[in-house]
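Take a look at the structure below. The paragraphs after it lead you through its parts, one step at a time.

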Amino acid sequence: MNDTVLTPEQRTDQLEGIGCKRKRVEDVRFVQGKGNYVDDLDLPGMLYGDFVRSPYAHARVTKIDASKATALPGVVAVLTAEELKGVNLAWMPTLAGDVQMVLADGKVLYQNQEVAFVVADDRYVAADAVEMVEVEYEPLPVLVDPLKAMEPDAPVLREDIKDKTEGAHGPRKHHNHVFTWEMGDREATDAAFGKADVTIKEMISYQRCHPSPLETCQCVASFDKVKGELTLWGTFQAPHVIRTVASLISPIPEHKIHVISPDIGGGFGNKVGAYPGYICAIVASIVTGQPVKWVEDRIENLSTTAFARDYHMLTEIAATRDGRVTGLRVHTTANQGAFDACADPSKWPAGFFNIVTGSYDFPVAYCSVDGVYTNKAPGGVAYRCSFRVTEAAYAIERGMDILAQKLGMDPAELRMKNLIRREQFPYTSALGWEYDSGDYHTALQKAMDAVGYAELRKEQAAKQEAFKRGETRELMGIGVSFFTEIVGAGPSRNCDILGIAMFDSAEIRIHPTGAAIARMGSKSQGQGHETTYAQIIATETGIAAENITVEEGNTDTAPYGLGTYGSRSTPVAGAAVAMAARKIKAKAQMIAAFMLEVHDDDVEFDIDRFRVKGNPERFKTMKEIAWAAYHQVPPGMEPGLEAVSYYDPPNMTYPFGAYICVADIDVDTGETKIRRFYALDDCGTRINPMIIEGQIHGGLTEAFAIAMGQEIHYDDDGNVTTASFLDYFLPTAVETPKWETDWTTTPSPHHPIGAKGVGESPNVGGVPCFANAVNDAFRFLGSTHISMPHDQWRTWEAADRLGLHT
Amino acid sequence: MAQTQISLTVNGKAVEASVEPRMLLIHFLRDKLRLTGPHIGCDTTHCGACTVDLDGKSVKSCTVFAVQADSAEITTIEGIAAPDGALHALQEGFREMHGLQCGFCTPGMITRAYRLLQENPNPSEAEIRAGISGNLCRCTGYQNIVKAIQYAADKMAGVQEAAQ
């Protein structure tokens, strides 16, 4: 094919670059069942590990007798805390600066806590042996309510630190206290409340839920005794961090640890942290000299690894009579469970909760968070959101609706009145963030126009009248939410994990024939990185995406990166790959100028080539330049064409959006039907609109699940009562609403290609939108706040409390 | 533990094996036959990631013992494409319509849809949604899975222009 006959548009299309709805590269293997997930791995001599777990939420472990289990044919080893103490691994550090038991050391602190690790040559034998380990417990008083954790006579949970007055994040004021974290100007905020015309105050609780990817957490550890090297395959969203942690807590030097994340079956925050299963599999492999596989089952997943939320947010807003907000005050009690194992950047014990001013121009604000220990599982991960952002969005978006109700204003009108105006960007919030860009009013107006907002309110008013007349038993709710995300952690000045700055990285090598491989520090769990990073490189270098392989997850070959969570792949690794591509382009320009026998400055980039300025017939394609890079470089230049970039973002990015939901609720059954859901997202430059839409569908579905039913529930004895898909709500295709997606585009001014990240926005904006719709349906009856999740029973109860069933 | 001899057909090939009576079909397929396309996503027969076709019915292979599959004919995701490697209309549809993200539910979902389209070659959207309601997906929100199945139904019915 002769390139010269193609139009510029055809040449651009051929690249499948930024903006192209490129079909996914990954799908070819996935649709044929040829994905490569951890549990697919089968190594010679591989053993299987399985846990003995505590039936009690709080108990002393007085005796562990593994003799019957070890006598069972096929059982190779049983590890307890005593064995782990020999390698100093009975406890492990958490990402949040706390320590966590790997196996029960003297006591257990939550139900299903890991007590012993059985290793056998077969999955079934391991499960048999688990039943044969005899453990004696002495039950202790159980604490599950975080609001009672700091009462004077609350049970002492963490005996290991009960006398410590200083924690990882400052002073501790009670034996169950983890940290206090404060942001903002308390005095000025109190003053604003003192002179406010109107204030609202509501306890807004975000229930404990769980990311529950369809593939659970799992790993295979293989220790080579001859080389002294460990290879660890696992479901790791951040493989390099896992390697560093493994090295820090073991005698194995980091260059002798090879961490590999193969295909991952969804993460949503569940697979960021390090869990006892990983440690036990590693130790078991070192002890036995054989590979050890550990695969969590679903009950273990829901009840032990990585819960999310459990934030109880006392939310107050001050405003003028005509609806201008003048102050925000939020005090949060954060239930951390038995160990503080939150996966937040190290200096942020409550994540970026100080985004709680949302999208509104609050002149002053103050927020504080108290973390407490309870007899619940540890975790506190960002389930499809940046760190604690969905909690913040839920508090402020419910708060704004409650304020609108008190003022007698329409919720959309109140938002319009208080949204940060376009000319205020870059905008510094009262709680310290610099919002990079936004055009909020345009987005909200577009959303309102798209759904016919005024007409919907008229229809609702008519239905309310009909309801009062007894002509219908159905209520209509209109939910509005406007959210601002804060993603792309993050600048090294304020974000690190265990001291490692939260940059990310890319390495690109152009091969002699003009094909390429890019290796990334991030790790896809379904986001489609193999497809989209190639699109960025294609646009930046002029090499067609189909000729670019993107590889992630192997710490031996990928440059060091901090991984994929908090929507950071596009803002950080996406920036790194663009910068690496620009380094390549700069060298290509010199090679092209040499080939064309002109000065470097006399050539210019044109889609897939460099051409002589003013003489476009004279050019060298990237394919030709790539070949030349390996045999005809200018004098003094090194051969080859490759580049590495480590990108330290100057700021976070701030995707935003306006969502509107219409719900119809049967007050006699509590059933809620989502009639319509419209989502407008602004994620800056759009790399692959098809993938963006897919991400939004998925994020909205998870938001729907959380708002309408998901809860990890504990009874008063600390029994987790929702630890399987029988009780934990995952919507099927039947319940899931149909989604309408839309967009505006406000590029990030500091990101190399203007992109902001999108995967988590729909969860952040979606949850309050559903909650506002349900609450809005009952608003005219005087109801202020009904807590999530809005399942049928709770909605029926809410109707009952309002006297609708008499 | 005692072993039981079974013989069955998997993806058109005759298979003879001796298994423990308690071995689940999903473990037999994955660990013994190394057909790792079907996955395990839960322990309670809710998620459908392990769906295979057994004697013309969709079954969740985590709730079937391997010995129950004695003399059965089984198709897994690995047996859905044509023998020459050409993708099935469903496999093509899932890619065209962006009906998958992490890919973990996809083998079960496609295998279920494969049977659904034989039971009902021209399903409505509601029938598709009900027909795949035993298969959970955490990534896509199902909307594009529905489109993917419609794409395949149209293609299999000989309609050339599939949905957008």
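**Domains, sheet and interface**

The C-alpha centres of domain 1 and domain 2 of chain A lie 41 Å apart. Their contact takes 14 residues from domain 1 of chain A and 15 residues from domain 2 of chain A. Here, two residues are in contact if their C-beta atoms, placed from the backbone, lie within 7 Å. The side of domain 1 of chain A that touches domain 2 of chain A has three nonpolar, nine polar and two charged residues. In these classes, Ala, Val, Leu, Ile, Met, Phe, Trp, Tyr, Cys and Pro count as nonpolar, Asp, Glu, Lys and Arg as charged, and the others, Gly among them, as polar.

A word on the model itself. It is predicted: local features need pLDDT of at least 70, side-chain atom pairs count only at pLDDT 80 or more, and totals for chains, interfaces and linings use all residues. Residues are numbered from 1 along each chain as its sequence is written, while chains are lettered from A and ligands numbered from 1 in the order in which they are written.

Now take chain A as a whole. Its domains are domain 1 (3-35 + 504-647), domain 2 (38-140 + 216-264 + 272-304) and domain 3 (307-489 + 652-801). Such bounds come from an automatic or database domain assignment. Chain A holds 19 helices and 35 strands. These are DSSP runs, numbered from the N terminus: helices are H or I with at least four residues, strands E with at least two. The C-alpha atoms of chain A fill a box of roughly 85 × 75 × 50 Å along the principal axes. Of its 806 residues, 60% count as buried, meaning that 20 or more other C-beta atoms, placed from the backbone, lie within 10 Å of a residue's own. Among contacts in chain A with a separation of 6 or more, 79% join residues 24 or more positions apart.

Next, zoom in on one sheet of chain A. It is open, has four strands in the order S28-S27-S26-S32, and its pairing is mixed. Two strands pair if DSSP finds at least two bridges between them. Strands of a sheet pair through backbone hydrogen bonds, either parallel or antiparallel. The edge strands are S28 (548-552) and S32 (642-647) of chain A, each pairing on one side only. From one strand to the next, the twist averages 15°. Strands S26 (504-510) and S27 (516-520) of chain A pair in the antiparallel sense over five bridges. Ala506(A) stands opposite Met520(A) in S27(A).

Helices pack on this sheet too. Helix H14 (529-541) of chain A lies across S26, S27 and S28 of chain A, at about 130° to S28(A). Helix H15 (569-596) of chain A touches S26, S27 and S32 of chain A, and its direction makes about 35° with that of S26(A). Axes are lines fitted to C-alpha atoms, for helices over the stretch in contact, and angles run from 0 to 180 degrees between N-to-C directions.

Finally, turn to chain B. It is divided into domain 1 (4-79) and domain 2 (89-156). Their C-alpha centres are 21 Å apart. The contact between them takes 16 residues from domain 1 of chain B and twelve residues from domain 2 of chain B.

Where do the two chains meet? In all, 45 residues of chain A are in contact with 47 residues of chain B. The largest share of the chain A side, six residues, comes from H17(A). By class, that side has 16 nonpolar, 16 polar and 13 charged residues.

Conventions:
Buried ≥ 20, exposed ≤ 12 C-beta atoms within 10 Å, placed from the backbone.
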